[in-house]
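Good morning, and thank you for making time for this presentation. Please look at the sequence and the structure while I speak.

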Amino acid sequence: MSKKLVAGNWKLNGSLDANARLLSALAALPGVEMAVCVPYPYLAQAGSALQGIGLGAQNVSEYTSGAYTGEVSASMLAEFGCSYTIVGHSERRALFAESDAVVGRKVLAAQAAGLVPIVCVGETLAEREAGQVMSVVGRQLEAVLDVTGADAMARIVVAYEPVWAIGSGLSATAAQVGDVHGGLRSWLRAHDVDADGVRILYGGSVKPENADELFAVKDVDGGLIGGASLVAEDFMAICRAAMVKQN
Ligand code: PEP
């Protein structure tokens with residue numbers, strides 16, 4: 001596997017002033033690929049401030065153009081220098097009713113414009129307690145595979161984000177993460193996807209204090225970082241933890 005990827009997800013946070021301070025404190029590190037996924041209006045600001053750090057969006061339209069008020073297409077994101085977009089974050093699935101099928105179409109749209117989709121999958125606590133983790137993440141991946149096919153699926157990034165761990169301060173344990181990441185890699189392999197080339201990130205309450213342990217887990221190829229990506233010192237510490245842990 002290549003370098004680990006650590007991507008920040010700023011969510012609905014920021015202002016021109018706060019962003020300027022945060023962006024000026026980020027610096028590319030050798031041995032780790034870094035990216036930040038910012039709200040749409042800040043793409044230009046972040047794109048011109050970042051040096052050697054990738055730019056991403058947090059969502060993308062499944063449509064390319066037309067009468068879709070409020071939507072932002074993948075080619076628009078590419079024009080603003082994005083190389084990544086998050087697709088299917090659990091907040092979008094839960095709060096904005098994004099179905100598995102919509103997520104699949106968004107992945108297709110992102111790839112068609114040359115973006116790398118960071119596809120989020122993960123179970124709720126009730127699903128975990130019902131023993132449904134692999135069936136849930138498998139169903140979410142299947143919807144992507146249905147539209148991309150196995151070759152293009154090998155060019156996505158998968159982010160395993162247990163819903164109960166996002167923003168809760170309670171990360172999944174290293175053992176839980178190892179089980180699911182191994183399961184995801186096996187799922188990809190079983191569906192004829194070149195699984196060794198697919199980065200599988202972990203997301204859910206990653207902080208400087210647990211990053212070392214999580215990044216040391218087999219099949220963890222980096223992280224998707226929410227809250228901690230808004231604090232430059234914490235995001236840089238997490239990126240440094242990824243730098244020294246190559247699988
Ligand atoms: C996320 O929003 O993708 C996320 C992982 O959030 P947090 O790190 O705050 O749990």
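Predicted model: local features only at pLDDT ≥ 70, side-chain atom pairs only at ≥ 80, totals over all residues.

Asp219 forms a salt bridge with Lys218, and their closest N and O atoms are 3.6 Å apart. By salt bridge I mean a side-chain nitrogen of Lys or Arg within 4 Å of a carboxyl oxygen of Asp or Glu. Residues are numbered from 1 along each chain as its sequence is written, and side-chain values use heavy atoms, with hydrogens and water left out.

Are the two partners buried or exposed? Asp219 is buried, with a relative accessible area of 12%, whereas Lys218 counts as exposed at 63%. The cut-offs here are under 20% relative accessible area for buried, over 50% for exposed, and partly exposed in between, with a 1.4 Å probe and protein chains only. This pair also belongs to a network of salt bridges that links Arg185, Lys218, Asp219 and Asp221.

The whole structure holds 12 salt bridges. One of them joins Glu91 and Lys11, with 2.8 Å between the closest N and O atoms. That pair connects distant parts of the chain: Glu91 sits in helix α4 (residues 90–95) and Lys11 in the loop between β1 (4–9) and α1, 80 residues apart. Helices (H or I, at least four residues) and strands (E, at least two) are DSSP runs, numbered from the N terminus. Glu91 is partly exposed, at 28% relative accessible area. In another salt bridge, Arg128 meets Glu123 at 2.8 Å, N to O; Glu123 is buried, with a relative accessible area of 0%.

Let me turn to helix α1.

Finally, the cysteines. With a disulfide defined as a pair of cysteine sulfur atoms within 2.5 Å, the count is 0. The sulfur of Cys120 lies 9.0 Å from the closest cysteine sulfur, in Cys37, too far for a bond.
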